[in-house]
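Open the model in your viewer and follow the stops below. Each one says what to select and what is there.

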Amino acid sequence: MAHHDATSSVETAPASWAAVEELFGTKGEPSRCWCRWFALSGKDWSSTSPDDRKQLLKTAFTTGPAPGVLAFRDGHPIGWCAVEPRVNYPRLKRSQVLRAEYPRPEDSVNLWAVSCFVVAPSQRRRGVSAALLAAAVDHAFDNGAQVIEAYPVDTEVRAKATAADLYHGTLSLFTAAGFSPASESVPGRPVVRLEKAGASPRARSGSSGLRR
């Protein structure tokens with residue numbers, strides 16, 4: 001379902017492959033990563049080329065719900081947010097950020113993860129990330145998520161974080177959207193979660209109360 005933000009003329013919708021391809025283009029990190037960093041193990045990442053990763057993301061559009069959402073202004077894609085079931089991101093199992101989280105009994109298709117934001121340079125600091133996050137939450141819950149997880153940067157702790165470090169999103173972005181800290185194994189890199197209203201006790205297990 002498309003959403004329209006009248007205050008900033010930003011529209012959001014589940015991503016289409018053609019629009020993602022247009023946004024990522026042929027230059028810069030998005031055109032090298034194709035948002036497959038978390039979807040590949042370290043070994044698999046090293047053995048793939050940017051073209052391989054592009055094809056992997058394209059294939060993800062044919063195997064289930066869209067693996068992310070897009071923001072548009074005047075009909076042109078200006079931002080992307082990746083959101084998928086956490087089981088689709090095998091690299092997370094080795095992440096120090098999630099050291100306190102694995103193994104988790106609720107690590108299933110009902111637990112989704114927001115892993116990455118891409119916003120066109122000319123559109124930054126204009127509310128695009130907030131619009132993308134709202135759309136990602138709706139997309140995940142509409143497709144069966146009971147809990148949504150993310151791995152933002154706390155810029156109060158990591159004041160020197162650069163734009164290249166902030167593709168996970170900032171902690172303030174997520175807390176403003178209703179997410180709560182769940183654990184923090186790495187200073188300045190909390191795990192945050194948002195539960196769907198009426199989520200089952202099993203889905204809620206471990207989703208509240210900060211663990212270190």
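A pocket here is an open set of points on a 1 Å grid over the protein atoms alone, where a 1.4 Å probe fits, with protein on both sides within 12 Å along at least five of seven lines; lining residues have an atom within 4 Å of a point. Volume is the space filled by probe spheres set on the points, which are joined across faces, edges and corners.

This is a predicted model: local features need pLDDT of at least 70, side-chain atom pairs count only at pLDDT 80 or more, and totals for chains, interfaces and linings use all residues. Residues are numbered from 1 along each chain as its sequence is written, and side-chain values use heavy atoms, with hydrogens and water left out.

Start at the largest pocket. Its volume is about 960 Å³. Select Phe 117, Arg 124, Ala 163, Leu 166 and Tyr 167: of the 30 lining residues, these lie nearest the centre. Now colour α2 (30-33), β5 (111-119) and α5 (128-142), the elements that each give two or more residues to this lining. Helices (H or I, at least four residues) and strands (E, at least two) are DSSP runs, numbered from the N terminus. β5 gives the most, five residues.

Next, go to the loop between β5 and α5 and pick Arg 125. Its phi is near 60 degrees, a positive value in a residue other than glycine. Most residues other than glycine have a negative phi. Arg 125 counts as exposed, at 86% relative accessibility (exposed is over 50%, with a 1.4 Å probe and protein chains only).

Last, select Asp 74, in the loop between β3 (68-73) and β4 (76-85). Phi is positive at Asp 74 too, near 55 degrees.

Notes:
Buried < 20%, exposed > 50% of the residue type's maximum accessible area, 1.4 Å probe, protein only.
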